[in-house]
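Open the model in your viewer and keep the sequence panel beside it. This tour tells you what to select next and what you will find there.

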Amino acid sequence: MAVNLRLTPEMASALQAEAERTGQSQQEILREAVTRHLHLVDDEAPVSDRDRARSAQVVRPARVAYRKVKPRLRLPEGTDSLDLLDRDDRF
């Protein structure tokens, strides 16, 4: 079921910060919060596949939190990636 949710700017900012801190998607965080609020699982039980894998020690959490990356490469004006692929020096 799809739901539209309107958040205050403070809530939206906190949700985005938590997503960046944990590496989880905002949807995952919201689903987990709703699941816990409705008591559909124990508070200590892992909810997401990622949480289950972490608790089983199949994977470890990231050493560095998710961060936005600024693009470093810019194509010259009027050039696109297809122009780069369509070259004579390629096999």
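**Start at a loop glycine**

Select glycine 23, in the loop between α1 and α2. Helices here are DSSP runs (H or I, at least four residues; strands are E, at least two), numbered from the N terminus. This is a predicted model: local features need pLDDT of at least 70, side-chain atom pairs count only at pLDDT 80 or more, and totals for chains, interfaces and linings use all residues. Residues are numbered from 1 along each chain as its sequence is written, and side-chain values use heavy atoms, with hydrogens and water left out.

Glycine 23 has 36% relative accessibility, so it counts as partly exposed. The cut-offs: buried is under 20% relative accessible area, exposed is over 50%, and partly exposed lies in between (1.4 Å probe, protein chains only). Glycine 23 and tyrosine 66 are 43 residues apart along the chain, yet their C-alpha atoms are separated by 5.3 Å.

**Zoom out**

Show the whole chain as a cartoon. From the N terminus, the order is α-α-α-α. The chain has 91 residues, and 13% of them count as buried.

Next, color by pLDDT, the predictor's confidence in each residue, from 0 to 100. The chain mean is 80, and 87% of residues reach 70 or more. Which element has the lowest mean pLDDT, and which the highest? α3 is lowest at 74, while α1 (residues 9-22) is highest at 90. Where pLDDT is low, the predicted coordinates should not be read in detail.

**Helix α1**

Select residues 9-22, which form α1. The helix has 14 residues and reaches 20 Å from its first C-alpha to its last, close to the 20 Å expected at 1.5 Å a residue. The expected span is 1.5 Å times one less than the number of residues.

Pick out Leu15, Ala19 and Thr22, the buried residues of α1. Look down the helix axis: these buried residues fall within an arc of 85°, so they line one face of the helix. The arc is that of the directions from the helix axis to the C-beta atoms. Now turn to the face away from the buried side. Pro9, Glu10 and Arg21 are exposed there.

The rule is a side-chain nitrogen of Lys or Arg within 4 Å of a carboxyl oxygen of Asp or Glu. Arginine 21 and glutamate 18 are 3 residues apart in α1, about one helical turn. Arginine 21 is exposed at 54% relative accessibility, whereas glutamate 18 is partly exposed at 28%.

**Helix α2**

Move to α2, residues 26-37. It has 12 residues and reaches 16 Å from first C-alpha to last, close to the 16 Å expected at 1.5 Å a residue. Select Glu28, Ile29, Glu32 and Thr35, which are buried. Seen down the axis of α2, its buried residues fall within an arc of 130°, so they too line one face of their helix. On the other side, Gln27 and His37 are exposed.

Glutamate 32 is buried, with a relative accessible area of 16%. By the same rule, the count comes to 2 salt bridges.

Select histidine 39, in the loop between α2 and α3. Check its backbone: phi is positive, about 55°, although this residue is not a glycine. Most residues other than glycine have a negative phi. Histidine 39 is exposed, at 65% relative accessibility.

Finish with leucine 38, in the loop between α2 and α3 (49-55). Val34, Leu38 and Leu40 make a nonpolar surface patch of about 310 Å². Patches use residues with over 30% relative accessible area and no salt bridge; like charges are joined within 9 Å, and nonpolar side chains (Val, Leu, Ile, Met, Phe, Trp, Tyr) within 5 Å. Accessible areas come from the Shrake-Rupley method with a 1.4 Å probe; for residues, only the protein chains shown count as cover.
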